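Hi,

Here is the structure for you to look over. My notes on contacts and packing follow below it.

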Amino acid sequence: MAARAGTGRGTGRGKAVLLTQQKGGAGKTTLLTALAAEFARAGAAVTVVDLDPQRSTAAWHAERCRRFGNGHGVHLAESAEWRARSDIQDAATRADWVFVDAPGSADTLGKAAMRAADFALIPCQPSMADVWATGATLKLLAEARLGHAIALNRVPPRGRVAEIAAARLAELGAPVLEPRLGSRTAFAEAFMTGRGPGELARPGRAGVEIAALAAALAAALGLPAAPLADVDAGLPTGGARNGRAAEAAENRV
């Protein structure tokens with residue numbers, strides 16, 4: 001299903017994308033930082049705004065600065081509840097992409113972020129608990145009249161759970177981006193070390209998947225398919241790699 005386009009609320013050339021999900025543990029911050037690093041890797045000016053009380057995005061950025069000596073293409077914008085809307089809009093005048101880590105609850109701060117954003121991306125794991133929670137998030141976004149799409153996250157390598165979740169989300173009228181992110185250790189490693197999957201020595205399938213999702217996000221916002229940098233997955237080539245052995249090797253990265 002195609003992503004639902006928004007009207008565009010940023011005051012500048014950049015696009016402000018809100019990462020939001022009412023249910024905790026959906027991988028919201030890991031997805032946000034992976035996308036931020038991916039667009040920065042492609043040469044875009046990227047800003048992240050951390051409105052979540054846990055401050056995990058800010059911690060990731062600090063780790064990134066320790067590793068690279070600076071944000072390596074990603075700027076962290078500090079904000080506070082009373083000025084969140086203006087801070088997001090101001091960041092959009094200085095960056096190509098602004099990724100906003102929304103608070104988990106639908107409080108005043110979360111609603112202010114919705115009013116400032118151009119688009120919302122909702123991570124959803126393939127479980128009914130996540131699907132049900134996503135329904136509540138979709139209601140809030142509809143009330144805010146904010147364009148949005150869902151990204152299926154932490155999809156297991158086998159089984160039909162992703163298809164079942166996608167079907168139930170479709171029943172809710174939820175736009176689901178086609179690229180899916182697998183349940184891969186590379187996403188966790190990248191987050192722990194202040195990087196994105198594409199910046200790892202062996203990005204593996206995680207690098208390929210986040211690049212595809214970044215391109216789909218750009219398309220959802222009516223932007224040309226980003227000239228994203230090629231990803232060397234670092235997977236073995238040649239020889240027979242099939243069946244369970246191949247699947248297990250790809251899932252490890």
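Start with Trp97. Beyond its neighbours within four places in sequence, Trp97 is in contact (heavy atoms within 4.5 Å) with Lys15, Val17, Phe39, Ala44, Ala45, Val46, Thr47, Leu217, Ala218, Leu221 and Leu223.

A caution on the source: this is a predicted model, where local features need pLDDT of at least 70, side-chain atom pairs count only at pLDDT 80 or more, and totals for chains, interfaces and linings use all residues. Residues are numbered from 1 along each chain as its sequence is written, and side-chain values use heavy atoms, with hydrogens and water left out.

Trp97 also belongs to the largest nonpolar core, which has 38 residues. (A core is a set of buried Ala, Val, Leu, Ile, Met, Phe, Trp, Tyr and Cys residues joined through side-chain atoms within 4.5 Å; buried means under 20% relative accessible area with a 1.4 Å probe, protein chains only.) Leu35, Trp97 and Phe99 touch the most other members. A second, separate core has 36 residues, including Ala95, Leu109, Ala113 and Leu146.

Next, a helix pair (helices are DSSP runs of H or I, at least four residues, numbered from the N terminus). The axes of H1 (residues 28–41) and H8 (residues 204–220) come within 10 Å and cross at roughly 80°. Axes are lines fitted to C-alpha atoms over the stretch in contact, with angles from 0 to 180 degrees between N-to-C directions. H1 contributes Leu31, Ala34, Leu35, Glu38 and Phe39 to the contact; H8 contributes Ile210, Ala211, Leu213, Ala214 and Leu217.

Last, Leu141 sits in helix H5 (residues 128–144). Leu141 is buried, at 0% relative accessible area.

Best wishes

Technical notes. Helices (H or I, at least four residues) and strands (E, at least two) are DSSP runs, numbered from the N terminus. Buried means under 20% relative accessible area, exposed over 50%, partly exposed in between (1.4 Å probe, protein chains only).
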